[in-house]
Amino acid sequence: MPQGETFHRAVSKVLFITQIYGLLPVSNVRALDVADIRFRWCSPRIFYSVLIVILNLSEFGAVINYVINVTINFHTSSTLSLYIVCLLEHLFFWRLAIQWPRIMRTWHGVEQLFLRVPYRFYGEYRIKRRIYIVFSIVMSSALVEHCLLLGNSFHLSNMERTQCKINVTYFESIYKWERPHLYMILPYHFWMLPLLEWVNQTIAYPRSFTDCFIMCIGIGLAARFHQLYRRIAAVHRKVMPAVFWTEVREHYLALKRLVHLLDAAIAPLVLLAFGNNMSFICFQLFNSFKNIGVDFLVMLAFWYSLGFAVVRTLLTIFVASSINDYERKIVTALRDVPSRAWSIEVQRFSEQLGNDTTALSGCGFFYLTRSLVLAMGTTIITYELMISDVINQGSIRQKTQYCREY
């Protein structure tokens, strides 16, 4: 591992791109020295982030007005939840931004232990490459999803305009289809479309990036647990002096304190991300049992969105759970310590390893371990059984209805 490959340097470019969407408004996020990272209330990033939040709040108010005037049902409530989740994500990233300079300084201090000999010999985890791969795959897939949903809206709005004989222009029909809540209160102007599309992206981006951010945190922490495990595995079944186990135990405790610090900071984001993912998957599964039409673009956008949500959620669990996986490997390695080498320090280390679960959590309600996959799968199966009375409707594929009332 290159000596300078710290988590801050590995993730700084990703966070800089994220600030384009108003998330984590921290100053000097790409600084080489973590001591230069600052959170300033009076800074261009803060003002820009506030502007995005105001635009999202304004549109959320229009959505509430639309729901009150039309009706509250399963589909309109999902639109409300989308904006609520988006606003909460901005709020939680603001909360994290206030703590980010202190977190990065603490993280950097712990990492110095693992950038020296002998840990540097076990540093093939390559944090930067893994973070870039995860970010590229997740966010490029999210972009494809956004383009499919946007193309789907363009297609359906045009079909409504032509088949229902609506006397509006093509772009006005798009505005009417995409933003019915704004169409009720604001007349159509062409210059509004780029602005509304940008607002739409600031709403869509946090949903996928929150999962991506959790994965980045998991990669950064797992890299150090991996190094610790490799150092212990290198002395497998060997008799080591007590000073070796004292040093390893102290380094483990430093990592565990870092995990607890990160968990306290991002736990609300973890809870929100997985709650939103589960609700979205269940919502899409419910829609899959209903008539969603025979239009290829509609079907492609629908199934891609559902599949992407499932894969992204599973990927988040597997990446973040690697922290706990390496701790379990360390526990297994300790069991192979020869009896003649067993000492008070090894005993202390063993007891501290089994004391509690070392993993990121959703405010203590669940932990990001591999067992969470089984728990979520059980929940989804239970949900499907509860709505099994509408499964038969899934075999009916009638012509999509384009005309609708506002």
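Which residues gather in a patch of positive charge on the surface? In this predicted model, local features need pLDDT of at least 70 and side-chain atom pairs count only at pLDDT 80 or more, while totals for chains, interfaces and linings use all residues. Residues are numbered from 1 along each chain as its sequence is written, and side-chain values use heavy atoms, with hydrogens and water left out.

The positive patch brings together Arg9, Lys13, Arg30 and Lys128. Patches consist of residues with over 30% relative accessible area and no salt bridge, like charges being joined within 9 Å and nonpolar side chains (Val, Leu, Ile, Met, Phe, Trp, Tyr) within 5 Å. A salt bridge places a side-chain nitrogen of Lys or Arg within 4 Å of a carboxyl oxygen of Asp or Glu. Accessible areas come from the Shrake-Rupley method with a 1.4 Å probe. Arginine 9 belongs to helix H1, residues 7–18; helices are DSSP runs (H or I) of at least four residues, numbered from the N terminus.

A nonpolar surface patch is formed by Phe16, Ile17, Ile20 and Tyr48, together showing about 320 Å² of accessible area. Isoleucine 20 sits in the loop between H1 and helix H2 (44–69). With a relative accessible area of 41%, isoleucine 20 is partly exposed, a class between buried (under 20%) and exposed (over 50%).

The loop between H1 and H2 also holds leucine 24. Although not a glycine, leucine 24 has a positive phi of about 50 degrees, and its relative accessibility of 1% makes it buried. Elsewhere, valine 117 and proline 118 are joined by a cis peptide bond, with omega about 10 degrees.

Methods. Lys, Arg positive; Asp, Glu negative; His and termini not counted. Charge placed at Lys NZ, Arg CZ, Asp CG, Glu CD. Helix = DSSP H or I, 4+ residues; strand = E, 2+ residues; numbered from the N terminus. Buried < 20%, exposed > 50% of the residue type's maximum accessible area, 1.4 Å probe, protein only.
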